[in-house]
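Have a look at the structure before reading on.

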Amino acid sequence: MLPAELGFSAPLILSGLALLPVIWLLLRALPQAPKRLAFPGYFFLRQLSNTEETPSRTPWYILLLRLLILAAVIIALAGPFLNVPERLARSGPVLIVLDDGWAAADGWSLRQNTLAGIASEVDGTDRQIWLLRTSPVVSAQTASSLVGPITADQLARLSDTIEPVALTSDRVRVLSAAAPALAGLGDGLDIRWLSDGVFTGPDIDERQFLRRLDDYGTVTAYVPDELSLVLSSITYRSDSLQAVVQSPTAVEREQSGQVSILARDGRLIEQTEFLLPEGATETEIEIDLPLTLRNEIGQIRLAGVRSAAAVQLADASTRRAQVGLAGSTDGTSGTLLDSRFYLQQALSPYALFRTDTISNLAASDATVIILDDIGRLRDGDADALAEWVTDGGVLIRFSGPVLADASQDASVNVERSLLPVPLRGGGRAFGGALTWEEPQTLGGFGEGSPFADLVVAEDVEVRRQVLARPGADTSERSWAWLEDGTPLVTARADGKGLIVLFHVTAAPDWSDLPISGLFVDMLRRLTALSVTETERRDPERAVVPRRILNGFGRLQAAPDDARPVTVATAGDVASAAVPAGLYGDPETPLAVNVLNSDSRIQALEEVGAFDGIAVRAYAGIDVSRLAVWFLLLALVLFLMDTLVMLQLNGKLVPRRSPRAVTVLLVATACVLSLAVTDASAQIRPPIDPKAADAALYTRFAYVVTGDREADEISRAGLYGLSQRLRERTALEPADPEGVSPERDELSVYPLIYWPILPGASVPSETALARLEAYMARGGLIIFDTRDGDRVFGNQQTEEGAALRRILEQLNIPPLEPVPSGHVLRRSFYLMDDFPGRNSEGPVWVEARSVTGNVNDGVTPVIISGRDWASAWAIDDGGRPLRAMGGASLAAREAAYRTGINIAMVALTGNYKVDQLQAEALLDQLGEEQR
C-alpha cells in the first residue's frame, strides 16, 4: 500500500509495471538455446580449450538491470511526487478561496504547495475547479476575481506562477461580486479557504464573510501556524524616527528582530534592533539619525520578512529643511530678546541651520531662507534671492520696525522687494496708552494654505502688526488673519518657489505667537514645503507611477499601462486603483504605503472567523516531484548495462575474471552515481562579489565610519600608498575598498586602516568576533586616532577614549612601543621613526614576547595617533589633499616610507623576520656542525 504522502500525476501509467514478468520471460529466451545433436567427433572437441564462451541465455544480472531500467522509466512517466497533503473524501466542484494580499506573502510557498496538493487530489476526476482571489480588483480590468472552470493541470501550473499583491484582502466585497457566478454552481461546493489569518477591517465583516461562504458548501480553512510581524507606520519626531512594529496576536514569548533603513539609491544607512515583549502586540523603535541621513531615507523595512506590509516607503514629505538665517543682530543673540532664538527653538527639531550673508545663502544648498526684519534689499542680494526663489526656494520674512519704516515708501516695487503683498508703512499698534483698540486674537486660516487644518489658538494676542494695503490680491494671498480680518500671514508663489511674510516679529515683543505651539506648527509646515514639491499643495495635480511595490515588498518598475492619479486620489494607503509605490518626480516622490498609523492588524482566529468549520495547517514541506530522479536512475542503470555488455564481449578490458570485473564495474557505477547525487545535493553558499573581487586583486581596506570626510581621507590615503607601492615595489595593489566589520568578509584584505572618531561606539559582538578572527589568521589592523599633535602628557583625547573602549572588548595580544630591532623598521626602508602627518606619540605593536609564535611573526595590530592616511592622501591627479607643514616634501616622503614598510610587514612579515634572524640562524647551524 502506498504511503499517504506519495502521489502520481498519471497513475494509469503504472499499469505498465504489470508487463515486467512478460519482459523477464522474453529476455530469458534471448538468445535462444542451441539445438542438441549427436556428433561422434564431440569426444575429441571436448579436449580442446575454448577461451571464448557464449552463454546459452541472458545472465540474471543483465536481466535485473534491464528490468530496473524499464521500471524506472515507467514510474517517471507516471509523475511521482512526495509530501502530498491528505486527501479529503469529497465530491462536487472545488472552489478555492485564496487570500493573496500582503499578509500571505511571507509564507507564500506554503500556499503554492497547498494549491499543488489540491491539483493532485482532483487530478484524474471529472470535478471542476474554480479559483476566487480575495484581493481587490479594478473594475476597469475585470469584473470579478473568480476564475474557472480550470483543470488540475492548469491549477498546478498556476500554483507556480501566481504571486501575492500589495493590498489588503477585501473578502466580503470580492465574494459579493462573484455571487451571481457562484449561485450557478449549486450549494454543494467543496470550498478550500487558503486563509492569511489576519484582517484589518471590522470583525463583523469577517463573520459575515464566513457565513456567506458557508452557504455555498462545505468549508475547509487552511490557517498559518505563525503570523508575520508588520511595520505599520513611521513617525518623524523632533530628533529621531519612531517605527511601530505590530503583531496580529500577542506573542507567546519574547521576540526580537531588526529594522533596516535604506537610502533612495538602495544602500543601507542603519540597522536597529527591536524587542517585542512577551504578551505584547506592538512595540515602538527609536531610530536616531543625523538630519542629512534622515533626508536620504528611501524606505524602512523589517529584516527577514517578505511582505509589502513590512516596508514603509519614504517620500519628500519626510525630509527636513536646510534653513539659512540672514539679518542684523544687536549683540543679544541666543537670549530671550533675540528673534533668532525663537526661530531656532521652533525649527531645530526639523531643520539644519546656517547663518551667512544673503548672497552666500542664496548660492548655498539652503532650501529655506529667513529674513528677520530686513527692509530694503541691495540689488545684488535681491537678484540672487529672486533667482533662488524661482528655482524652488521658500523665502520666509518677518516684520519689524525696519520693514515697517521701509514700507512707508509707496514707490517700492513689491515684486522687486520680494514681498507677497504691498504694505502700509509705520505699523499698527493695539492696546497702548494712546490707542483705543484692544489687542487682537487670531481669526482663522485660509482653506488652500498649509495652515488650513491647524486649530486657532485663542490665547495668542497680537499687539502690533505691519498692515497690508487693501486689494483683491491681499485677500487671495492671506493664509492667516486676525479677528478683525487684517492679514497675519500672506504668501505668493514665484516660479517654483514661495514667498511668505509674517506681519509680526519673530520675537514676542509684537505678539504672543513666537511663544506658542502654533508658531512651531506654522514654521514646520512652511519648511516642509521647501523639501517637497510646491505643487504638492494642489490636490488635483496628476502624478505618474514610477515604481510599484509588489506583495513581497520589492520595488519594481511600473507597468507600461499604469495610469496617472491625482494627489488627492493617492492618499496614504494603497488601493486597487492606486497601488503601493512611488509616484511623481523621482527626486521628490509621493509615497503610497500598504499600512499607515491608523492601521490595526488582528488575527482572524480571535474574532471567531473559523468557528464551526474544519481547520487545517498548511503543508510545511514542498511537494517534491520525483520524475527527474527516476529518469536519472534509468540513465545510470543504462550506462551500467552498457559497461557490463562491453566487458562481457571483451571490448572494455582483457577478460581474466569476467564475474569479478563485472561486479567491480557495477560497484564503481553505483559509487559514482551516489557521488554525483551527493554533489548535486550540496549547495554552496553564494560568494560575496565584493569579497571575490578582493581575493582576485590585492586591495587594502579601510573601515567605513559614516563620517564622509574621514572616510574620503582614508580612501585617498590608501590610494596614495597603493600608487607609491606600484612605483617602488613589485606589488601592484588595486584601489582600496571600504568595509564594514559586521557585514563584509575581512580575510581577503591583508591590511585594514581604521580611523578612530571622537565618540566612536563599540562594534557589535558579530563585528568584534570577525575582527578577532581576522587578526588571528594573519591580518593587520592599523588603529589611527589622528590625535598625536593634540596629546599633552597623560591627557586623553576623545579619540583615545573611544579607542580604549573598543580595545577593551577585543582580544588583542600585549602591546609595546616599536622596539629597536623590530621588522617594521627594516622591512623595506631602514627607519628610525614612523612619521605621518605628525610625529608625536608612540607607535604600538604586538610585544616581542608573543611575536614569532603567532601569525608567523606579523604583528596583528599597529596603534598610533600620527594620522598616516592624511599624509598619504592624494586625489586622482596625484596632488596631495592635506598639507604637511614645514619641510612638507621630506615629511611626506618619510610618511610614504612608513606606509610601504607597514605594507611589506602585512604581506611578507614572516619572510622579513627570517631575514632579521639570519645571523642567529647561521651561528646556530655552525655550532651544530662543530
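How many bridges join strand E31 to E32, and do the two run parallel or antiparallel?

1. Strand E31 (residues 581–583) is joined to E32 by 3 bridges, and the two run antiparallel. One place to check this is Gly-581, which stands opposite Val-592 in E32. Keep in mind that this is a predicted model.

2. Zooming out, these strands belong to an open sheet of 4 strands, in the order E29-E28-E31-E32 and with antiparallel pairing. Strands E29 (555–557) and E32 (590–592) are the edges; each has a single partner strand, so one side of each is left without a neighbour in the sheet. From one strand to the next, the twist averages 25°.

3. Now the aromatics: the structure holds 13 aromatic pairs. In one of them, Tyr-753 and Trp-872, the ring centres are 6.4 Å apart and the planes stand at 55°, so this pair is tilted. Tyr-753 sits in strand E38 (residues 751–755) and Trp-872 in helix H23 (residues 868–872), so the contact ties together parts that are 119 residues apart in sequence.

4. Elsewhere, Trp-193, Phe-209 and Phe-610 are linked into a cluster by ring pairs.

5. Two arginines are worth a click as well. Arg-111 lies over the face of Tyr-618, 4.6 Å from the ring centre. Arg-715 has its charged end over the ring of Tyr-719, at 6.0 Å from the centre.

Key:
Residues numbered from 1 in each chain as written. Predicted model: local features only at pLDDT ≥ 70, side-chain atom pairs only at ≥ 80, totals over all residues. Heavy atoms only, no water. Phe/Tyr/Trp six-rings, centres within 6.5 Å; stacked < 30°, edge-to-face > 60°. Lys NZ or Arg CZ within 6 Å of the ring centre and 35° of its normal. Pairing = 2+ DSSP bridges. Axes fitted to C-alpha atoms, helices over the stretch in contact; angles between N-to-C directions.
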